[in-house]
Amino acid sequence: MVRHGQTAASRENRFSGSSDPPLTVVGEAMAEAFARAYASLEWEAIYASPRLRTRQTADPLCRLTGVEGTIEEGLREIDYGEWEGLRQEDVKERWPEAFEHWADDVASRWTPGGETAFEVAARAMRAVEGIRSRHERGNVLLVSHKATLRVITCALLGLDVRLFRERIAYPVGAVTLFEVTKKTAQLTILGDRSHLPEELRNQEGT
């Protein structure tokens, strides 16, 4: 699994779920670096969320390998509703009580007009199980988003989804690897960015 490259929203720590910002120049460089590092693997399939930033992240690997990417709706990011596009610091300042209420239980509480992490877990894991049933062996890539990938990671490890923000880090361009069988999913790599040049790893933002 790989998180998309940098966007202006990730650089500025803005809520970005249903909004659709493109990759920055830095984000495009991250996507190219990922593709060069992983193109030598034999890919069974490449899945991406429908958002532009994930499709742009998958495109270089699709180009280098000749594998056609598949859009998977279940991999889309959590919807932040009325907070879309706002910086977290601004939300804290403008609606401190609402932010605190949400932050105390981000799994089962909505942002105004948004989704809960439990809702994300339900749709994302349906997608993961569908992908697993279609590909019993081989390398499969999921290109998705920060919250969604952290939720999937918790679910595959059997962790409480309520812990997804405090227990799982997932910076832009990071790779996580599971070895999956019909019965188990073993974590072998978490949040790796060794494929990125140092100047890309040290960029600002989340």
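This is a predicted model: local features need pLDDT of at least 70, side-chain atom pairs count only at pLDDT 80 or more; totals for chains, interfaces and linings use all residues.
The largest nonpolar core of the model has 35 residues. Within this core, Trp 83 and Ile 152 have the most contacts. Two or more core residues come from each of strand 2 (43–48), helix 5 (96–104), helix 6 (117–134) and helix 7 (146–157). Helix 6 gives the largest share, seven residues.

With neighbours within four places in sequence left aside, Trp 83 is in contact with Phe 15, Val 91, Trp 95, Ala 98, Phe 99, Trp 102, Thr 111 and Pro 112. Ring pairs link Phe 15, Tyr 80, Trp 83, Phe 99 and Trp 102 into a cluster.

The structure holds seven aromatic pairs. One of them is formed by Phe 15 and Tyr 80, whose ring centres are 4.8 Å apart; the planes meet at 55 degrees, so this pair is tilted. Phe 15 is in the loop between helix 1 (8–11) and helix 2 (25–38), whereas Tyr 80 is in the loop between strand 3 and helix 4, and the pair thus links distant parts of the chain, 65 residues apart. Phe 15 has a relative accessible area of 3% and is therefore buried. Tyr 80, at 9% relative accessibility, is buried as well.

Phe 15 also pairs with Trp 83, with ring centres 5.7 Å apart. Because the planes of Phe 15 and Trp 83 stand at 45 degrees, this pair is tilted too. Trp 83 lies in the loop between strand 3 and helix 4 and Phe 15 in the loop between helix 1 and helix 2, so the pair ties together parts that are 68 residues apart in sequence. Both Phe 15 and Trp 83 are buried.

Charged side chains were considered next. The structure holds eleven salt bridges. In the bridge between Glu 12 and Arg 14, the closest N and O atoms are 2.6 Å apart. Glu 12 is partly exposed because its relative accessibility is 31%. Arg 14, with a relative accessible area of 32%, is likewise partly exposed.

A salt bridge also joins Glu 72 and Arg 134, with 4.0 Å between the closest N and O atoms. Glu 72 lies in the loop between strand 3 (69–71) and helix 4 (88–94) and Arg 134 in helix 6, so the bridge ties together parts that are 62 residues apart in sequence. The two partners fall into separate accessibility classes. Glu 72 is buried, since its relative accessible area is 17%, under the 20% cut-off. Arg 134 has a relative accessible area of 48% and so counts as partly exposed, the limit for exposed being over 50%.

Glu 166 forms a salt bridge with Arg 167, the closest N and O atoms lying 3.9 Å apart. Both of these residues, Glu 166 and Arg 167, are exposed. Salt bridges with shared partners also join Arg 11, Glu 12 and Arg 14 into one network.

Notes
Residues are numbered from 1 along each chain as its sequence is written. Side-chain values use heavy atoms; hydrogens and water are left out. A nonpolar core is a set of buried Ala, Val, Leu, Ile, Met, Phe, Trp, Tyr and Cys residues joined through side-chain atoms within 4.5 Å. Buried means under 20% relative accessible area, exposed over 50%, partly exposed in between (1.4 Å probe, protein chains only). Helices (H or I, at least four residues) and strands (E, at least two) are DSSP runs, numbered from the N terminus. Contact means heavy atoms within 4.5 Å. Rings of Phe, Tyr and Trp (its six-membered ring) pair if their centres lie within 6.5 Å; planes under 30 degrees apart count as stacked, over 60 as edge-to-face and the rest as tilted.
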